[in-house]
Amino acid sequence: MSTLFVVTFLTGLGLSGVTFLSGFHGRHVHLPKMFRHGGKTKAPAVNLAAITAFLVWFGGGGLLLEQATDTAPLLGGGAIAIGSLGGALINRLLGALMRQEHTAERLTIIGTIGRLTVPIRAGNGTGELVFTHQGTRQVRAARSDCGRALGKGVEVVVTRYEKGIAYVATWAELPAVPEDQEE
């Protein structure tokens, strides 16, 4: 029985390493609708992570039990129990991680204030805009909304965003909002 435990342990360990290194650990897998509840995704009971954890724990637990006891029936049942416990623990861990996941919010940068780090030439010149969104520094290609040149370090406001380019204007170029339209 030692051979069985060693083979399952090494197989589980090898599969775990391969899935980790290949990036196939559930991040980019779209689960069928039956595993989604109210917009949240629930890990299925039998998944690749649980199977590899079962194999590792079954093999390792079986080897430990083989050293600790001489009773053959206890070996098989005990190894299965230890393997099931390992698979269940991994599923609970994955479930906790999945509950913490949130869908990324769409970044709307219209109205965002930023600074030019690369100047914009007159006409269709393209510069670079740096701004902060939710505590993260963002960089976008930028063009002047009115087509005039803007220097490095100028504070601007994004007026529109098309095809990966932020069109910006200075405060002076923004149209004034009449007082009766202010909220």
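Colleague: Glu162 first: buried, exposed or partly exposed?
Modeller: Partly exposed, since Glu162 has 40% relative accessibility. Buried means under 20% relative accessible area, exposed over 50%, and partly exposed is in between, with a 1.4 Å probe and protein chains only. Keep in mind that this is a predicted model, where local features need pLDDT of at least 70 and side-chain atom pairs count only at pLDDT 80 or more, while totals for chains, interfaces and linings use all residues. Residues are numbered from 1 along each chain as its sequence is written, and side-chain values use heavy atoms, with hydrogens and water left out.

Colleague: Which residue does Glu162 form a salt bridge with?
Modeller: Arg160, with the closest N and O atoms 3.1 Å apart. A salt bridge here is a side-chain nitrogen of Lys or Arg within 4 Å of a carboxyl oxygen of Asp or Glu.

Colleague: And what forms a salt bridge with Arg160 besides that?
Modeller: Asp145, where the closest N and O atoms are 3.0 Å apart. That pair links distant parts of the chain: Asp145 sits in the loop between strand 5 (136-144) and strand 6 (155-162), Arg160 is in strand 6, and they are 15 residues apart. Helices (H or I, at least four residues) and strands (E, at least two) are DSSP runs, numbered from the N terminus. Arg160 counts as partly exposed at 29% relative accessibility, and Asp145 is partly exposed too, at 34%.

Colleague: How many salt bridges in the whole structure?
Modeller: Three. One of them pairs Arg148 with Glu173, the closest N and O atoms being 2.3 Å apart. Arg148 lies in the loop between strand 5 and strand 6 and Glu173 in the segment after strand 7 (165-169), so this pair ties together parts 25 residues apart in sequence. Arg148 is partly exposed at 40%, and Glu173 is partly exposed at 24%.

Colleague: Which residues of helix 2 are buried?
Modeller: Among them are Ala50, Ala53, Leu55, Val56, Phe58 and Glu66, plus Gly59, Gly60, Gly61 and Gly62.

Colleague: How far apart are Val7 and Leu55?
Modeller: They are 9.1 Å apart in space, C-alpha to C-alpha, and 48 residues apart in sequence. Val7 lies in helix 1 (residues 2-22) and is partly exposed, with a relative accessible area of 47%.

Colleague: What's the overall pattern along the sequence?
Modeller: α-β-β-α-α-β-β-β-β-β, which comes to three helices and seven strands. Buried residues make up 29% of the 183 residues.

Colleague: Where is confidence lowest?
Modeller: Strand 1 (residues 36-37), at a mean of 47, whereas strand 3 (residues 113-118) is highest at 94. That score is pLDDT, the predictor's confidence in each residue, from 0 to 100. The protein chain averages 80, and 80% of the residues score at least 70.

Colleague: And over which residues does pLDDT stay under 50?
Modeller: Residues 26-39, for which the model has 14 contacts beyond four places in sequence. Contact means heavy atoms within 4.5 Å.
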